[in-house]
Structure formats: C-alpha cells, structure tokens
Amino acid sequence: MFSSEPVRATAGYPVVRPISAAEHGAFVRAQRSVSFLQTPAWGRVKTEWRSESLGWFDGGRLVGAGLVLHRPVPRLDRFTLAYLPEGPVIDWSGDIGAWLDPLAAYLKEHGAFAVRLGPPVVTDTWSAAQVKQGVADPDIRRLTDLPARWSDPVGARVSSRLKDAGWLPQNPRDGFGVGHPQFKYQVPLAGRTEDELLKGMNQQWRRNIRRAAEEGVEVTVSAGGQEDLKAFHDLYVHTAERDRFIPRPLRYFETMFAELSAEDPERILLYLAHHQGDLAAAAVLVRVGAHAVYAYGASATGKREVRGSNACQWAMIRDALAAGCDVYDLRGITPTLDADDPHVGLVRFKAGTGGEAVRYVGEWDLPLRPLVYRAFDLYMSRRGR
C-alpha cells in the first residue's frame, strides 16, 4: 500500500528525480504510444503552469517518466497542486505503490500539497452497436447501464488500489470536469484496412464521406503556418459562438503548433477542408507513436451540407492508419445515452465511426497536506472550478 509519507529508495522501488527535456523526449520516443499531454513539449504549451519532467530510475536505467504541471495555491504560492495529465508513463500492471510512493515523497518534499494524476489505463469498453442500442432504449440512461463488451482487470486493480491507499476520485458523473475526460471514443486501427474501417462506419457516416467527395470538398494538410492557423481559428471562433463554448485564443494554437512541431515535425498537423474556395471545416490531429488524437475541430454553419467535417475525419483516420497507429482517438464523450440529453448528439456522431466507447480509470487526487488541500478544494468549488 502506498501513502503520502516520504519513502526512501529500497529494493524494488525506483528512484524518482528530475530529468532533462531531452531525456524525457527520448523516453517518449522509445514507447509504443504516450499521451501528448505527457510529452515535455506540452509543459511549454501550458504557460500558466510551471512544468518539470521527472524520471523513475532502476539503478542507472530510466524506466518511467512523467510531465508534472504545478499549479500554485492562491495566496500560498509556495504550495502547488502537482498534476500529471494522462500519466505518468510507468508500468501500471504491477505494484503501483512502488512507482507512486517515491513520486508522492518527491513532490511533497518540493512543495506539493496534493498530487493529481490520470492513469492511462482502460477499465471497460462498449461497442458502437451497444451505444446505438442504448440510445434507442428509453430504459438505458448511461453507458454503465449496459454490460461492458470487455473489462480490463488491470484497470479494476488500479482503481481498487488507488482507493484503498487514500486517493480520491475526481470523476464527475457527466464525464467532464476540470481535468481530462474519463470516457472517450476511439477507433481501433491495428490490423485493419481502409475498406474494413469504412465498412465499420454506420450508413450515415459513409454517405457523408461520399457526399463530401461528390461536392468536390478538398482536404489539405498543413504544418500550421500563420495564414492557415488564422483561418482555422476564425472558423473555430465561429463554431464556439454557434455551439456555446469559450474558445481558446489564437496565441494558444500558435504556441501549441510551435512547441509540438519543434519536438517532432510529425507530431501535430492541421487538416483543412475547402469547398469552392471556402473553408468548410478544419481539424487538428496530434500523434505520439501509435496513438493519433483528434484534438480540435471547427465547421462552417453555411457549409454543413457538403460534409467537410466527415471529410476531415476520414482523411485523418486514413493518415493515422498509414502511419501505423494502433488507435484513432476522438477524445471525450459523456457517458449519457439518454436521447433527451443535449450531449447525446456528440456520442451519436462519434459512434458513427464504428469504434468503441472507452472508460479509463479517471483522475485521482492524493492530498499531501490535507489542510491546504481542503482550502484549495473550497476555493475551486466557490469559483466553479
């Protein structure tokens, strides 16, 4: 069992210490897949946080790594929330206390009042057919009302051990919170062909892809030059106004493309779907190893009928397959299957790809200084997180 108390290095316990961005980047490149939120470049994107790269060493060998984002406590700047989004990158299948005890000890010694992490570990999956069935059944309100098609014993074990060790789950009922979503929608790619992927989509998706081709929609791929990013951002702001969410500023995307591209020129790409000279849709694809992620998207209300968004998605799926990726990740969904819930439209759209809904272990907090943690939690609840 692991705890917040300092732990000295002993046999079987890797030693945690800071590593350079170069060491961290080399470790990431040696893995089959890693979340882009756990790359050293992501720390340079999140300019409002202080970041550091930590490594786990077995003797002189680097065996694990994590990007830690530090958020200070208001009026108590010497204490921070230490956040490892979708990380760390360690062996989650064994004794996780041997990994997390030295992490907690190091972070407490260096001023953290709590650790928040999001293990990249799956607990359950549901097929597209199950999602469709659930939406159609008025007695089914949530994914978890359905039996999982597959459950991972590693995910169940990680959740159980975190809970037993005093970690606190941070997963809101609707699946979205201050951190990253627990439920995602993903399309498995390994061992499949383009034809198989297309046949796996529902009829509406296939029809929309054909419609885009018939309408002459042309999808181009950009490294994110100034003109292309500005065009994407203008459309993204339009989308935000239509769909009622708060858009990120252009500067954020400029930084994101600059930093991720500097780490790997193939890391982040911008897909632009034009119709008769107008930008109909655009999307951002991020890839680390064998994991491709649809990170952001935008679409023109007046061009919906030409199905530029479907054209972008199909182009990104095909490119991810050609790059040897194992999975195409459409990111977060809510677990709702209630036909009257406004979020169910997003679930339907993503399920049309024929992939699978995936539940992860989610995000967990370990308070290291309980009084400070309670004060921070109160502050966040008052400001609506």
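1. In this predicted model, strand β15 (residues 356–360) is joined to β9 by four bridges, and the two run antiparallel. Within this pairing, lysine 184 is placed opposite valine 358 of β15. Helix α4 packs on the sheet, where it touches β6 (122–127), β9 and β15, and its direction is at about 70° to that of β6.

2. The open sheet comprises nine strands with mixed pairing, ordered β7-β6-β15-β9-β14-β13-β12-β11-β10. Its edges are β7 (150–151) and β10 (218–222); each has a single partner strand, so one side of each lacks a neighbour in the sheet.

3. Helix α11 (residues 344–351) has Val344, Val347, Lys350 and Ala351 as its buried residues. Viewed down the axis of α11, these fall within an arc of 125° and therefore line one face of the helix. Their cover includes α4 (128–136), β9 (183–188) and β14 (327–332).

4. The structure contains 14 aromatic pairs. One of them, phenylalanine 36 with tryptophan 42, is edge-to-face because the ring centres are 5.1 Å apart and the planes lie at 85°. Phenylalanine 36 is buried at 7% relative accessibility, and tryptophan 42 is buried at 5%.

5. Phenylalanine 232 and tyrosine 236 form a stacked pair, because their ring centres are 5.7 Å apart and their planes at 20°. Both residues are buried. They belong to a cluster linked by ring pairs, which also includes Phe245, Tyr252, Phe253 and Tyr296.

6. The charged end of arginine 248 lies over the ring of tyrosine 252, 4.2 Å from its centre. Arginine 17 is positioned over the face of phenylalanine 57, 3.7 Å from the ring centre.

Methods
Residues numbered from 1 in each chain as written. Predicted model: local features only at pLDDT ≥ 70, side-chain atom pairs only at ≥ 80, totals over all residues. Heavy atoms only, no water. Buried < 20%, exposed > 50% of the residue type's maximum accessible area, 1.4 Å probe, protein only. Arc of directions from axis to C-beta. Contact = heavy atoms within 4.5 Å. Pairing = 2+ DSSP bridges. Axes fitted to C-alpha atoms, helices over the stretch in contact; angles between N-to-C directions. Phe/Tyr/Trp six-rings, centres within 6.5 Å; stacked < 30°, edge-to-face > 60°. Lys NZ or Arg CZ within 6 Å of the ring centre and 35° of its normal.
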